[in-house]
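User: I want to learn how to read a structure like this one. Could you take me through it feature by feature?

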Amino acid sequence: MYALVDGNNFYVSCERVFRPSLNNRPVIVLSNNDGCAIARSNEAKALGIKMGAPWFKIRHLEDEAGLVALSANFTLYGDMSDRMMSLAAGLGPTQEIYSIDESFIGMDGVRGDLTDRARRIRARILTWTGIPCGIGIGQTKTLAKLANFVAKTAERKPGSYPDALAQVCNLATLPAEDLAAVLAATEVGEVWGVGRRIAAQLQEGGVRTVQDLARLDPATVRSRWSVVLERTVRELRGLPCIEFEDAPAPKKEIACTRSFGRPVTDLAPLIEAVSEFAGRAAEKLRAQGSVASQLLVFAHTSPYRPGPKYHRSVVVPLRRPTADTALLVHAAVAGMHQIYQPGFQLIKAGIMLLDLAPDSRVQGELDLDGGEDATAERGKLMRVMDGLNGRYGKGTVHVASSGLDDYRREWGMRQERRTPHYTTNISDIPVARA
DNA sequence: TCTGGGGTCCTAGGACCC
DNA sequence: TCTGGGGTCCTAGGACCC
């Protein structure tokens, strides 16, 4: 048995904890560069704002409907997530943190009324962190996801499902005919693993509801679509096919990419940008105890804007697997030199670390120069760098090629409406006035 | 008249997730 | 003026092997 705990409109809810005046108003959180909406309050959804809607197209709602838009404050969301996750963990013996706002809880071995227990945990998370959650319970992860959708929808749209399923929904204890009614009332596209493409194909074949999908023959689904969708069908029937991942597996690739605040055409700012990206990615790489064998660099023009198009990337092999910032930055810069062409309005660049392996498996190297053990020294340097950045904040120590001034850099991102780091920066802590 | 069978590895692209 | 970032898995097809 699994539960899925999911923060409602998570980023917006995080912002509301510290600015209660945002309650009951249409609020959205924007992506990096204030580009598009990536979180929406219920009121904003009711205005018809879609996930990913470009800000410049919905901006008029500020004046027309009192819409409030905030720049993403990922530092805040990450910290609030940690708090929510540690409380959600109390629901059962195992937890899989699936995303910044969702975790699956393994409920096997938990005695007593699970629905009741989930309600108490939900209340605790709300009281202690201020974040409202939905909790879904089911026999498989896919059913828990579905139950979670029902819990949130029943709350947001009264009448869509029985009121008793709002906030906390346990599909496993539902009488068969009630379960059938829920499955029949839910569109197939809401199922975890069924995206736009497959939903359209299913609907074309007359498979419109979750109930229709669950009734398909798994073998047919496999041959017509894929083994992935077959697993989904089996999961909907209560047969677990998707592993529960207790401990996060190490990443197989690590990326750091950004859109620029404005188009960039010169090589120098591009070098700065990919230097910083490589440095950040190297930190993530060391944090998971891995080394990379290849580094990919890319840059491209806007897919939306007219003008000459440019889209290039190159994979730079590393002489040996490494997690050394200097070597990775060097590779990134070399790659950028290779792909750079003047005359294009580039709006995005990035790097990816590929071919990752545990650092314990790195082969030693014979030092032909007979000098000191340079590899060990570099390792110490990296640990010191990570230590300083961990203690004094990101970017305290970085390579010089990534530039000096975070604000005047040509490629820096736009972020005009970010709230303070309420929970992670001592000078941003809210002050209560008498 | 008329070109085997079986396997692995790699890559690009598609689809999905949040 | 203006459209995010970071992942995973699967499949098909090509190259290559014996």
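User: How many nonpolar, polar and charged residues does the surface near DNA strand C have?

Analyst: First, some ground rules. This is a predicted model, where local features need pLDDT of at least 70 and side-chain atom pairs count only at pLDDT 80 or more, while totals for chains, interfaces and linings use all residues. Residues are numbered from 1 along each chain as its sequence is written, chains are lettered from A and ligands numbered from 1 in the order in which they are written, and side-chain values use heavy atoms, with hydrogens and water left out.

Now the general idea. A residue is near a molecule or strand if one of its heavy atoms lies within 4 Å of it. Ala, Val, Leu, Ile, Met, Phe, Trp, Tyr, Cys and Pro count as nonpolar; Asp, Glu, Lys and Arg count as charged; the others, Gly among them, count as polar. In this case the surface near DNA strand C has 8 nonpolar, 5 polar and 8 charged residues.

User: Which residues come nearest to DNA strand C?

Analyst: Of the 21 residues around DNA strand C, the nearest are Arg 231, Ala 255, Thr 257, Ser 259 and Arg 305.

User: Which element gives the most to the surface near DNA strand C?

Analyst: Elements come from DSSP runs: helices are H or I with at least four residues, strands are E with at least two, and both are numbered from the N terminus. Strand E9 gives the most, with 6 residues. Helix H3 (55–58), helix H12 (227–236) and strand E9 (254–264) each supply at least two residues.

User: What part of DNA strand C lies within 4 Å of the protein?

Analyst: Of those atoms, 73% belong to sugar or phosphate, and the rest belong to bases. Next, look for polar contacts. A polar contact is a pair of N or O atoms within 3.5 Å; within protein, one must be able to donate a hydrogen and the other to accept it, and residues adjacent in sequence count only if both atoms are side-chain atoms. Here Thr 257 has a polar side-chain atom 2.4 Å from a phosphate oxygen of DNA strand C. Ser 259 uses a polar backbone atom, 2.5 Å from a phosphate oxygen. For Lys 252, an N or O atom in the side chain is 2.7 Å from a phosphate oxygen.

User: How many residues surround DNA strand B?

Analyst: There are 13, and the closest are Ser 99, Lys 145, Gly 193, Arg 197 and Ile 198. Sugar and phosphate make up 100% of the atoms of DNA strand B that come within 4 Å of the protein. By class, this surface divides into 5 nonpolar, 3 polar and 5 charged residues. Helix H9 supplies the largest share, 3 residues. Strand E5 (94–99) and helix H9 (196–204) each give at least two.

User: Which oxygen of DNA strand B does Gly 193 approach?

Analyst: A phosphate oxygen, 2.8 Å from a backbone N or O atom of Gly 193. Val 194 also has a polar backbone atom 3.3 Å from a phosphate oxygen of DNA strand B.

User: At what angle do helices H5 and H6 pack?

Analyst: Axes are lines fitted to C-alpha atoms, for helices over the stretch in contact, and angles run from 0 to 180 degrees between N-to-C directions. Helix H5 (residues 74–88) and helix H6 (residues 114–129) pack at about 150 degrees, with axes 9 Å apart. H5 and H6 are therefore roughly antiparallel. Angles under 35 degrees count as roughly parallel, over 145 as roughly antiparallel, 65 to 115 as roughly perpendicular and the rest as oblique.

User: Which residues make the contact?

Analyst: Contact means heavy atoms within 4.5 Å. H5 brings Met 80, Arg 83, Met 84, Leu 87 and Ala 88, while H6 brings Ile 121, Arg 124, Ile 125, Trp 128 and Thr 129. The contact has 7 nonpolar, 1 polar and 2 charged residues.

User: Why are H7 and H12 roughly perpendicular?

Analyst: Helix H7 (residues 141–156) and H12 pack at about 70 degrees, with axes 7 Å apart. They are therefore roughly perpendicular to each other. Lys 141, Thr 142, Leu 143 and Leu 146 of H7 meet Thr 232, Glu 235 and Leu 236 of H12.

User: Where does Lys 309 lie?

Analyst: Lys 309 is in the loop between strand E10 (290–301) and strand E11 (311–322). A polar atom of the Lys 309 side chain is 2.6 Å from the backbone oxygen of Arg 305.
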